[in-house]
Amino acid sequence: MSLIYPTKSLENFPKHLTPGYKSTVKRSPTKPLMIIPHTLSELTGPIYGHNAVQEGDNDLTKQHKGEPLGERIIVHGQVLDEDRRPVKNALVELWQANACGRYVHNVDQHPAPLDPNFTGAGRTVTDDNGAYKFITVKPGAYPWGNHPNAWRPNHIHFSVFGHSFVSRLVTQMYFPGDYLFPFDPIFNSVTDEKARNRMVASFDLENTVPDWALAFKFDIVLRGREATPLDNDDHH
Amino acid sequence: MSEITPSQTVGPFFAYGLTPVGRCDWDPNGTYSWKNSVESNLVTPDVSGTRIRIEGTVFDGDNKPINDCMIEIWQADAQGRYASPGDNRSLPNTQFKGFGRSATDKAGIFAFDTIKPGAVPGPGGKPQAPHIVVAIFSRGMLRQVYTRLYFSDEAANAADPVLGLVPADRRGTLIAHKEGGEPPLYRFNVHMQGDNETVFFEI
Ligand SMILES: [Fe+2]
């Protein structure tokens, strides 16, 4: 499949320099990014078959002796391109804090307990419909040093591969109705409200498993559109 | 109207999920209880070509090494073919994937073991000099930045169509310098800001 990747789509992304998120100040390019033609190097990308993941890698509640504490949840959705066609065989990786808002990462030393039964990392590969599914626990909010009394809304980090290296996406999935949204400079780095809300999963009663787990649906739309003669003319 | 999902920062704590084993020495025991999906060593037993090592540091605007950075590379094989459906010349039976991932360590250093890519077709059939596409993710980066790595010992750089678009005084930021050794080491430092700010691409 040969796709085009309009750079206009990137207007939905945060600006590299977003001073409200302080770490961007010394880590964002100061010179304008150079626009170059998309060559074979940009239009191709890595492929990961089902050997990249093992059975059970998508269940974060079964990686240790016991079950982790917290609200068990199902997080699922579809990986799509901008024409809403499924992206199959896409590697989807996620990592998150535990139910108390603590990461396993040893730089995270904030005074919330680790859970010996929870690492917080998972991965899977999308099926022929671009669908993926994880079983995990709802991550807690956690404080960070960006500004006084700064707290991140509950979120799960996602890493996704699409058809090409330019459709590579790292993002965060948020939960509906979070009271911390108005105060979070990372969430609000996406300035367009509609685009911002595409990072918020929807509560999915239909896929909730009675007496066992709530479900959230999070579709991920990656760069890439079907090439049409008109688009090709635009592009070259 | 694009329905694209916006990018968000990889944050400071990705290592146990994305680079749990290997160069990441954040964990006191060296690794987390999880496995890599992508390695920093791209060399497969069946791959042909010149083995090389790439090492570098990513510097922030204060010229300090960034020690919570993730670098991904995407490259062709020694014959200039990508292991991707987007390249119909790719050999279906080779194990070489051309894709690697490395975290920076506490000193801010990333490293890859790979093979030197061949020349790749460019716009209008004009060949591109051997190069590697580089994506950089970090706390403080709300989306990845892309750059390219070229090799200091390639005469083909002079005619490369992408390098040719870069102002001459900034081209050097895209060149990895050969330092010798066996396999040869190419050093590729990235400067987010400053006088030597690396050329980043909007692609
Ligand atoms: Fe986080």
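Two strands pair if DSSP finds at least two bridges between them; strands (E, at least two residues) and helices (H or I, at least four) are DSSP runs, numbered from the N terminus. This is a predicted model, in which local features need pLDDT of at least 70 and side-chain atom pairs count only at pLDDT 80 or more, while totals for chains, interfaces and linings use all residues. Residues are numbered from 1 along each chain as its sequence is written, chains are lettered from A in the order in which they are written, and side-chain values use heavy atoms, without hydrogens and water.

Pairing crosses between the chains: strand 2 of chain A and strand 12 (residues 201-202) of chain B run parallel, joined by two bridges, and A:Ile35 has B:Glu202 as its bridge partner.

Within chain A, strand 4 (residues 91-95) is largely enclosed by the rest of the structure, because five of its five residues are buried (under 20% relative accessible area, 1.4 Å probe, protein chains only). A:Leu91, A:Glu93 and A:Trp95 point one way from this strand, and A:Val92 and A:Leu94 the other. Strand 4 is antiparallel to strand 5 (residues 121-125), with five bridges, and A:Trp95 stands opposite A:Ala121 there. Four bridges join strand 4 to strand 9 (residues 155-160), also antiparallel, where A:Leu94 is partnered by A:Phe158.

At the interface, 81 residues of chain A are in contact with 77 of chain B (heavy atoms within 4.5 Å). Six salt bridges cross between chain A and chain B (a side-chain nitrogen of Lys or Arg within 4 Å of a carboxyl oxygen of Asp or Glu), and A:Glu42 meets B:Arg148 in a salt bridge at 2.7 Å, N to O.

Conventions: Buried < 20%, exposed > 50% of the residue type's maximum accessible area, 1.4 Å probe, protein only.
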